[in-house]
Amino acid sequence: MAKRSIETLVGLFVLLGLAALVFVALKAANLTSFSGGDTYTLVARFDNIGGLKARAPVRTAGVVIGRITAITADPKTYQGVVTLSVDKAYQFPKDTSAQILTAGLLGDQYVGLVPGGDMANLAAGDTIKQTQSAVVLENLIGQFLFNKAADSGAADGAKK
Amino acid sequence: MNLLQLLGSRTLAVLRGWGHAAIFFLDLLKAIPASLRRFGLVVSQIHAIGNRSLVIILASGLAVGFVLALQMYYALVTYGAAESLGLIVNLSLVRELGPVVTALLFAGRAGTSLTAEIGLMKAGEQIAAMELMAIDPRARVLAPRFIAGVISMPLLAILFSCVGILGAWVVAVGLIGIDAGNFWSIQQNGVDVWRDLGNGVVKSAVFGIICTAVALYQGYETEATPEGVAYATTRTVVTSSLAVLGMDFVLTALMFSTTR
C-alpha cells in the first residue's frame with residue numbers, strides 16, 4: 001500500500017511537470033500562433049532592408065501569415081535577398097508587392113504583402129517583383145532638412 | 001627547486017582529482033542499464049528527490065515571479081512599455097532564472113541529502129557490506145539516484161518557470177491592471193518554443209546531471225567519519241553551485257549567441 005501511494009505521488013509529480021511544460025509552450029510561447037504547418041517559400045529583393053531580422057513576421061492586412069527564414073545579400077546586385085516562409089493557406093497573385101514596414105513608430109520591422117490583381121498565383125520559390133525598401137529614419141530627416149533649406153532659399157530669392 | 005616541486009605536486013593532485021571524478025562518472029553511466037531494469041528503485045528515489053523538493057521550488061518560483069513582475073513594472077512604466085512585462089518575466093524565467101535558481105535550490109535541497117545519505121552509508125560500512133555480497137553499490141545505490149535526479153531536475157525547473165509566470169500574471173493583471181489578453185499575446189509573439197523553451201529545458205537537464213553527479217561523487221568519496229560527511233555535504237553545495245553558474249555561462253554563450 002505504501003509503495004503504491006509513492007508510485008501514485010511520483011506519477012502525479014511527473015504529470016504536473018509535463019502539464020507545466022505544455023502550459024508554457026501553448027499559453028506563453030508561440031507554439032499556437034504559427035506552428036510551422038504547411039508553408040511555401042517566396043523570395044523578395046530589397047534595395048535596403050533597414051533593421052529587418054530573420055524570424056520577423058510576414059503580414060498581410062496586419063495578420064501574421066508567415067516568418068522570414070533567411071536574409072542574405074546578393075553579391076552581384078548588392079540587394080538584400082529576403083526569404084519568406086508563408087502559410088500554404090494564403091496564395092498570392094503574381095503582381096503582389098512586398099514592403100518593409102514598422103510596427104508603431106519605433107517597433108519591430110516586418111514584411112507586409114499587398115496582393116495585386118493578377119489571375120495567376122505565385123508558386124513556391126518565386127521572386128516578388130515589386131518591393132518597397134525600409135524607410136530609414138536618418139534619410140527621411142536628411143531629406144526633410146534639405147527640402148526645408150531649399151524652400152527657405154527660394155522664399156528669400158522671391159523677396160529680393 | 002622546492003617551489004617547482006610544489007607546483008608539480010599541486011598540478012598532479014588536481015589532475016588526479018579530475019581523473020578520479022571522470023572515472024567515477026563513467027562507472028556511474030555504465031551502471032545505468034542495470035538499474036533501469038529495477039525501475040521501482042528509481043521511482044522511490046524520484047519521490048525522495050523530486051516530490052519532496054516540490055514545495056520549496058514552487059514557493060520560490062512564485063516569489064520570484066511576483067518580485068520580478070513588480071520590479072520590471074517600475075522600470076518599464078517610465079518608458080511606457082508596461083505591456084511587455086510578461087514577455088520579460090517569461091524570457092528571463094524560461095531562459096535563465098528557471099534552470100539556474102532551480103539547480104541552486106536543488107543542490108541545497110536534494111544534493112545535500114544525497115551526499116549525507118551515501119556518506120553515512122559509507123561510514124556505516126553498508127557499501128562495503130554490499131560489495132562483500134557481490135552487489136554492485138553503483139547499480140544498487142548510485143545509479144537509481146542519478147537517474148532520479150536527472151529526471152526530476154527538468155520537471156522542477158519547468159514547474160518553477162510556470163509558477164513564476166503565473167505569479168507574474170497575478171501581479172500584472174490582478175494588481176497593476178495590465179490587459180490579460182495583451183499579457184499573453186505579447187509572450188506568444190516573443191517566446192520561441194524551440195529556441196527559448198527548448199534550450200531552457202536542455203539547460204536544466206545538464207544542470208540536473210551536474211548537481212546529482214557532484215552530490216553522489218562527494219558522498220561516495222567522503223571520509224567515513226562524521227566530520228568527513230559534514231565536509232562532503234558542504235563541498236556538494238559549493239561545487240555544484242559554482243559548476244552550475246560556470247556551465248550556465250558556457251551554455252548561454254553557445255545557445256543564444258548565434259542568430260540575433
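Two strands pair here if DSSP finds at least two bridges between them, and strands themselves are DSSP runs of E at least two residues long, while helices are runs of H or I with at least four, both numbered from the N terminus. With that in hand, I100(A) stands opposite V111(A) in strand 6 of chain A. This is a predicted model, where local features need pLDDT of at least 70, side-chain atom pairs count only at pLDDT 80 or more, and totals for chains, interfaces and linings use all residues. Residues are numbered from 1 along each chain as its sequence is written, with chains lettered from A and ligands numbered from 1 in the order in which they are written.

**Confidence**
- The model scores ipTM 0.84 and pTM 0.77.
- Chain B has a mean pLDDT of 91 (pLDDT is the predictor's confidence in each residue, from 0 to 100), and 99% of its residues reach 70 or more.

**The sheet in chain A**
- Chain A carries an open sheet of 8 strands in the order 7-1-4-3-2-6-5-8, and the pairing is mixed.
- Strand 7 (127–128) and strand 8 (130–132) of chain A are the edge strands, each pairing on one side only.
- Strand 5 (residues 97–102) and strand 6 (residues 109–114) of chain A run antiparallel and are joined by 6 bridges.
- Strand 5 of chain A also runs parallel to strand 8 of chain A, with 3 bridges between them; there, S97(A) stands opposite Q130(A).
- Strand 3 (residues 63–73) and strand 4 (residues 80–87) of chain A make an antiparallel pair over 7 bridges, and I68(A) has L84(A) in strand 4 as its bridge partner.

**Chain B at a glance**
- Chain B is built from 9 helices and 0 strands.
- The C-alpha trace of chain B spans about 65 × 55 × 35 Å along its principal axes.
- Of the 260 residues of chain B, 42% count as buried (20 or more other C-beta atoms within 10 Å of the residue's own; 12 or fewer is exposed, in between is partly exposed, and C-beta atoms are placed from the backbone).
- Look at contacts in chain B between residues at least 6 apart in sequence, and 87% of them join residues at least 24 apart (contact: C-beta atoms, placed from the backbone, within 7 Å).

**Nonpolar cores**
- A nonpolar core is a set of buried Ala, Val, Leu, Ile, Met, Phe, Trp, Tyr and Cys residues joined through C-beta atoms within 7 Å.
- The largest one has 74 residues, and V24(A), V89(B), L159(B), C211(B) and L216(B) touch the most other members.
- Helix 1 (2–27) of chain A supplies at least two residues of this core, and so do several helices of chain B, among them helix 1 (2–36), helix 4 (85–123) and helix 6 (137–176).
- Helix 6 of chain B gives the most to this core, with 23 residues.
- Apart from this core lies another, of 20 residues, including I49(A), L52(A), V82(A) and A134(A).
- Not counting residues up to four places away in sequence, V89(B) touches G65(B), L68(B), A69(B), M72(B), G164(B), I165(B) and A168(B).

**Where the chains meet**
- The contact takes 21 residues from chain A and 25 residues from chain B.
- On the chain A side there are 15 nonpolar, 4 polar and 2 charged residues (Ala, Val, Leu, Ile, Met, Phe, Trp, Tyr, Cys and Pro count as nonpolar, Asp, Glu, Lys and Arg as charged, and the others, Gly among them, as polar).
- C162(B) sits in helix 6 of chain B and counts as buried, with 26 C-beta neighbours inside 10 Å.
- Leaving aside neighbours within four places in sequence, C162(B) is in contact with A20(A), F23(A) and V24(A).
- The C-alpha atoms of C162(B) and L58(B) are 9.1 Å apart, though 104 residues separate them along the chain.

- F183(B), I186(B) and Q187(B) are buried in helix 7 of chain B.
- Seen down the axis of helix 7 of chain B, its buried residues fall within an arc of 100°, so they line one face of the helix (the arc is that of the directions from the helix axis to the C-beta atoms).
- Helix 4 and helix 6 of chain B are among what covers these buried residues of helix 7.

**Positive phi outside glycine**
- Y78(A) is not a glycine, yet has a positive phi of about 60°.
- Y78(A) lies in the loop between strand 3 and strand 4 of chain A and counts as exposed, with 8 C-beta neighbours inside 10 Å.
- E125(B), also a residue other than glycine, has a positive phi near 60°.
- E125(B) is in the loop between helix 4 and helix 5 (126–132) of chain B, and is exposed, with 12 other C-beta atoms within 10 Å.

Conventions. Contact = placed C-beta atoms within 7 Å.
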